[in-house]
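This briefing goes through a structure topic by topic. Please keep the sequence and the 3D view at hand while reading.

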Amino acid sequence: MAYVLIVDDDEDFAAAAAKALAIAGHEVRVELDTASATKSMDARRPDLIILDVMFPENASAGFELARFIKHEKPGLKDVPILMLTAVNVKFPLGFGTGDADDVWMPVSDFIEKPVDLNVLQKRVAALLRAAAK
Amino acid sequence: MAANNESSAAVYELPLPAGPPAAAGEADGHARLPETLLLKNVLWFCHLRWAVVAILGTFGLLGLFPQVLAHVGLRPTADWPLVAAGILVAGNLAFSGHARLLKESGVPRYAHINLWGQIVFDLVVLTGVVHYAGSLETNITFAYLFHIVLACIFLSGTESLAVTLIACVLYMAVLAAEDAGLVAPQTLFAGAPPRLPIAAEPWIPIWNLALALFIWLAVWYLTSHLAAMVRARDEELGETNRRLEAALEERSRHMLRTTHELKAPFAAIHATTQLLLDGQCGPLPDEARAFVQRISTRCRRLANEIQEMVQLANLRSESQGTLPHAALDVAEILRGCIGQVKPLAEERKVIIEADLAQARTVGVEEHLKMLFANLLGNAVGYSYEGGRVRVRCRPGEGGGPEVVIEDHGIGIPADKLPRVFDEYYRTDEAVRHNKQSSGLGLAIVRHVAEEHGIRIRVESCPGAGTTFHLRLAVEREPSEPDSENKENHDGLRADCR
């Protein structure tokens, strides 16, 4: 069982994803904004972070949080980040798996919304396995 | 709404947007050029001075052969051309050295001072040359006009007027000095009569001087006025360009935000219906399950349609010239797009086999991503469960990338192939097989292909699958589009094998 932190301003989606991951046997916490997510991570280190990109406070707050975790938080540097977003590679300024890098998009994996919950469970399991090695 | 508090009330005033930048026609053009541009002109000015040095040097060397000069009616020049050339060489080395230092430092804020220094230096040297060449006997005074014109182009109207007045003062000073006997009048011409004192015949030198000053001031007025007009137009164009770039950026951001706001609720509905359908909130009666399934399907399709409608609208409103073209590796783009459709492939149990070799082209990266993501999404979406999609990328015979995307899915009937790139067109077979599609994917592909001059050939057989062959432009500078592809701008072909 792993401790998974979901950071997404869409409460409905976060609740459904949390339920699916809880059924898969994980302990899940949901944070609806990046500031409270940072506090939550400081209080308890998650095994995996599921992170949305766009938040009401900032259209790229998810990227900024991912960079903050990887570049400014040595204790959380190795926590895998699974990025979720409703925009994708098909758009100008959009992005996809191929765009992940240590500087701009330091995430372990990327899923486009709407996401199949089975796919989400599988990706989470795969990332946790890879992190455990 | 303000919150009242006994000690102090929090106040917020909605800030008004900043005033619009100078509208067309408002730019006055009286400012001088920006320092970076001035620095280029400073260096150019220095290069130009070497030509003057060469002319004076040649003339000075000719002075070593007085008989040659006498043959063409000129007096021996003594040493003044060589001395003037020497002074110009020393000044030019100093000014060009300073300009290079400014260029290397990346902070060209003293370019203006350098330019002023050069102009004053030149005017002083020119006044010496005017004296020796003949301040009244020759037309060399027109040489002051070079500096007046250049000052009008490089500097503001007031500064160029100052240069004009300095030229006037220097010229009058040399005439006065010659007339007062401080320096003896000189002339190039061997046959020129000796100059009379101004007092002996005052009107000729006075009219000559007045005429010269009038011509200089007229040239200053006309040139500075024209330069101001050109500069104002330049400022307007620059401002328009900045606004267009800002609008383009803003529209892309707005589109991202709009798409996110429209799609995110569907993602939440979709996830919730999935929980219900998977029985993770308890078993559902069959009828309820069927309705939840309908909600889920329509929800996903609507999310997809919203995305593609916004995307297509954006493509339609863009012109190719405004977009940033870059050198791109098509294989790298395909890898990203394959990752993008992977979840859908996993869901439909479709295997994607990729054979990608580096092949470079020039284009708008985001648009090529759209094109390939749509073609790959279709290949997966119209494959049978457990099917295979093959993606190949190679540099073609002409050097441009050739991409093949092949599926073994439902295929397209021959009579319907020519319409598959139409907006909202879907074959009956496609509607039955894949309810998620909006019918806009290949319309997006067509827009991007037309924009980039990409030739697309489609081969398809119902029940056996569809293959898209794409030939992209060879990697060249964006300003030189592939001529063959340019000629075949409508190069979409649909074949049935």
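This is a predicted model: local features need pLDDT of at least 70, side-chain atom pairs count only at pLDDT 80 or more; totals for chains, interfaces and linings use all residues.

Which residues touch the most other members of the largest nonpolar core? They are Val330(B), Leu334(B), Phe372(B) and Leu376(B), in a core of 49 residues.

**Nonpolar cores**

- In soluble globular proteins, nonpolar side chains tend to be buried together.
- Beyond its neighbours within four places in sequence, Leu334(B) is in contact with Ala354(B), Leu356(B), Phe372(B), Val391(B) and Cys393(B).
- A second, separate core has 48 residues. Among them are Leu5(A), Leu21(A) and Leu127(A) from chain A, together with Cys299(B) from chain B.

**Helix packing in chain B**

- Two packed helices are described by the angle between their axes and the distance between the axes.
- Helix H9 (residues 330–347) of chain B packs with helix H10 (residues 365–381) of chain B at about 35°, and the axes are 9 Å apart. The crossing is right-handed.
- On the H9(B) side, the residues that meet H10(B) are Ile333(B), Leu334(B), Gly336(B), Cys337(B), Ile338(B), Gln340(B), Val341(B), Leu344(B) and Ala345(B).
- On the H10(B) side, the residues that meet H9(B) are Glu365(B), Leu368(B), Lys369(B), Phe372(B), Ala373(B), Leu376(B), Gly377(B), Val380(B) and Gly381(B).
- The residues of this contact between H9(B) and H10(B) comprise twelve nonpolar, four polar and two charged.
- H10(B) also packs with helix H12 (residues 441–452) of chain B, at an angle of about 145° and with the axes 9 Å apart. Here the crossing is left-handed.
- From H10(B), this second contact takes in His367(B), Leu368(B), Met370(B), Leu371(B), Asn374(B), Leu375(B), Gly377(B) and Asn378(B).
- From H12(B), the contact takes in Gly441(B), Leu442(B), Ile444(B), Val445(B), Val448(B), Ala449(B) and Glu451(B).
- By class, the contact of H10(B) with H12(B) has nine nonpolar residues, five polar and one charged.

**Contact between the chains**

- Chain B places 36 residues in contact with 31 residues of chain A.
- On the chain B side, helix H7 (203–277), helix H8 (286–317), H9 and H10 give two or more residues each.
- H7(B) gives the most to that side, with 17 residues.
- The chain B side is made up of 13 nonpolar, 13 polar and ten charged residues.

**Chain A and its sheet**

- Chain A contains four helices and five strands, which follow one another from the N terminus as β-α-β-α-β-α-β-β-α.
- Its five strands form an open sheet with parallel pairing, in the order E2-E1-E3-E4-E5.
- Strand E2 (27–31) and strand E5 (109–112) of chain A are at the edges; each has a single partner strand, so one side of each lacks a neighbour in the sheet.
- From one strand to the next, the twist averages 20°.
- Strand E1 (residues 3–7) and strand E3 (residues 48–52) of chain A pair in parallel over four bridges. Leu48(A) in E3(A) is the bridge partner of Val4(A).
- Helix H2 (residues 34–43) of chain A packs on the sheet and touches E1 and E2 of chain A. The direction of H2(A) makes about 165° with that of E1(A).
- Of the 133 residues of chain A, 47% count as buried.
- Among chain A contacts between residues at least 6 apart in sequence, 66% join residues at least 24 apart.

**Single residues in chain B**

- Most residues other than glycine have a negative phi.
- Lys349(B) is not a glycine, yet has a positive phi of about 55°.
- Lys349(B) lies in the loop between H9 and strand E2 (351–356) of chain B.
- Is Lys349(B) buried or exposed? Lys349(B) is exposed, because 11 other C-beta atoms lie within 10 Å and the cut-off for exposed is 12 or fewer.
- Phe121(B) is in helix H4 (residues 111–133) of chain B.
- Phe121(B) counts as partly exposed, with 18 C-beta neighbours inside 10 Å.
- Phe121(B) and Leu88(B) are 33 residues apart in sequence, and their C-alpha atoms are 8.6 Å apart in space.

Methods:
Residues are numbered from 1 along each chain as its sequence is written. Chains are lettered from A and ligands numbered from 1 in the order in which they are written. Axes are lines fitted to C-alpha atoms, for helices over the stretch in contact, and angles run from 0 to 180 degrees between N-to-C directions. A crossing is left-handed if the near helix is turned anticlockwise from the far one by less than a right angle, and right-handed if clockwise. Two residues are in contact if their C-beta atoms, placed from the backbone, lie within 7 Å. Ala, Val, Leu, Ile, Met, Phe, Trp, Tyr, Cys and Pro count as nonpolar, Asp, Glu, Lys and Arg as charged, and the others, Gly among them, as polar. A residue is buried if 20 or more other C-beta atoms lie within 10 Å of its own, exposed if 12 or fewer, and partly exposed in between; C-beta atoms are placed from the backbone. Two strands pair if DSSP finds at least two bridges between them. A nonpolar core is a set of buried Ala, Val, Leu, Ile, Met, Phe, Trp, Tyr and Cys residues joined through C-beta atoms within 7 Å.
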